[in-house]
Amino acid sequence: MLMYMEPDKLSSVPIAAALQRTRFLVGARHAVQFPADTGWEVAFAGRSNAGKSSALNAVAGMRSLARTSRTPGRTREVNFFVVDEARRVVDLPGYGFARASDAERRRWARTVERYLQERRSLKGLVLVMDVRHPLTAFDERFLVWCHELRLAVHILLTKADKLSNNRARASLLKTRRHDVVTRGQVTVQLFSARQRQGLPALQKHLAGWLGLPV
Ligand SMILES: Nc1nc2c(ncn2[C@@H]2O[C@H](COP(=O)(O)OP(=O)(O)O)[C@@H](O)[C@H]2O)c(=O)[nH]1
Ligand SMILES: [Mg+2]
């Protein structure tokens, strides 16, 4: 039976369906454990507690991810998820976690730097920030890093449900105007995992990077 659907919903359905098949593959502590570097890959980054896992869950409907991200140790790993045999989504370990030692921070930097520098299949990065305090010092450094590596970045200003529309919009405009953003290959959008706000826009962005038919 044919049902009427709004054009925006209609166009996002096949992408959504493809992304919803995403499954956990492996948690890597070292680069040697990364899966074969072929096809298309997109990575999610951001400070711990920014809302990275919730955004990934919303986009990929990964029930297993929610569990994965609560497993001790897993949040310090590079977690690989497969969309299909040629496409992957990666959850990078969050930075700025509270009780990390200097040695842990150095290990984080080494693993993530190595991943960003060497990953040929990496087509773009989703950088997740809390809409209430975007562009922390570390976010800025991370963006400079991505700029130097010529990596495309899509900033997700998440937890938009925590602000009024006006204040969320103000945060969006302020972030878009920041020179670390205007300088590079960077796009910015509002998002809420809780209210599924901005989900079709994020799915379209991912589909573009992953070479999924839109
Ligand atoms: N209100 C609201 N809370 C959110 C949203 N996304 C995540 N959170 C909450 O923020 C906290 C951290 O989320 P999580 O996804 O685990 O962050 P991660 O450490 O970056 O993976 C949790 O308590 C989530 O419930 C959102 O869109 N809206
Ligand atoms: Mg997480």
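Me: In which strand does histidine 154 lie, in this predicted model?
Reply: The model is a predicted one. Within it, the residue in question belongs to a strand, and histidine 154 lies in strand 6.

Me: With which side chain does the side chain of histidine 154 make a polar contact?
Reply: Neighbours within four places in sequence aside, the contacts of histidine 154 include Leu125, Val188, Leu202 and Trp209. Thr187 and His205 are also among them. The polar contact, at 2.6 Å, joins the side chain of histidine 154 to that of threonine 187.

Me: How far apart are the end C-alpha atoms of helix 5, and what span should its residues have?
Reply: Helix 5 covers residues 137–148, which makes 12 residues. At 1.5 Å a residue, these should span 16 Å. This agrees with the distance between the end C-alpha atoms, which is 17 Å.

Me: Within what arc do the buried residues of helix 5 fall, seen down its axis?
Reply: The buried residues of helix 5 are Asp139, Phe142, Leu143, Trp145 and Cys146. Seen down the helix axis, they line one face of helix 5, because they fall within an arc of 160 degrees.

Me: Which exposed residues does the face of helix 5 turned away from its buried side carry?
Reply: The buried residues of helix 5 have cover that includes strand 2, helix 4, strand 5, strand 6, helix 7 and strand 7. The face turned away from that buried side carries the exposed residues Ala137, Arg141 and Glu148.

Me: What share of the exposed area of ligand 1 does the protein bury?
Reply: An oxygen atom of ligand 1 is 2.8 Å from a polar backbone atom of lysine 52, and an oxygen atom of the ligand is 2.6 Å from an N or O atom in the side chain of serine 54. Taken alone, ligand 1 exposes 580 Å², and the share of that buried by the protein is 74%.

Me: Which helix gives the largest share of the shell around ligand 1?
Reply: There are 15 residues around ligand 1, of which Asn49, Lys52, Ser54, Asp161 and Ala193 come nearest. The largest share of the shell, 3 residues, comes from residues 52–60, that is, from helix 2.

Me: How far apart in space are threonine 111 and alanine 28, C-alpha to C-alpha?
Reply: Threonine 111 has its place in helix 4 and counts as buried, at 12% relative accessibility. Leaving aside neighbours within four places in sequence, its contacts are Arg29, Phe34 and Val78. Threonine 111 and alanine 28 are 83 residues apart in sequence, and their C-alpha atoms are separated in space by 9.4 Å.

Key
Residues are numbered from 1 along each chain as its sequence is written. Chains are lettered from A and ligands numbered from 1 in the order in which they are written. This is a predicted model: local features need pLDDT of at least 70, side-chain atom pairs count only at pLDDT 80 or more; totals for chains, interfaces and linings use all residues. Side-chain values use heavy atoms; hydrogens and water are left out. Helices (H or I, at least four residues) and strands (E, at least two) are DSSP runs, numbered from the N terminus. The expected span of a helix is 1.5 Å times one less than its number of residues. Buried means under 20% relative accessible area, exposed over 50%, partly exposed in between (1.4 Å probe, protein chains only). The arc is that of the directions from the helix axis to the C-beta atoms. Contact means heavy atoms within 4.5 Å. A residue is near a molecule or strand if one of its heavy atoms lies within 4 Å of it. A polar contact is a pair of N or O atoms within 3.5 Å; within protein, one must be able to donate a hydrogen and the other to accept it, and residues adjacent in sequence count only if both atoms are side-chain atoms. Accessible areas come from the Shrake-Rupley method with a 1.4 Å probe; for residues, only the protein chains shown count as cover.
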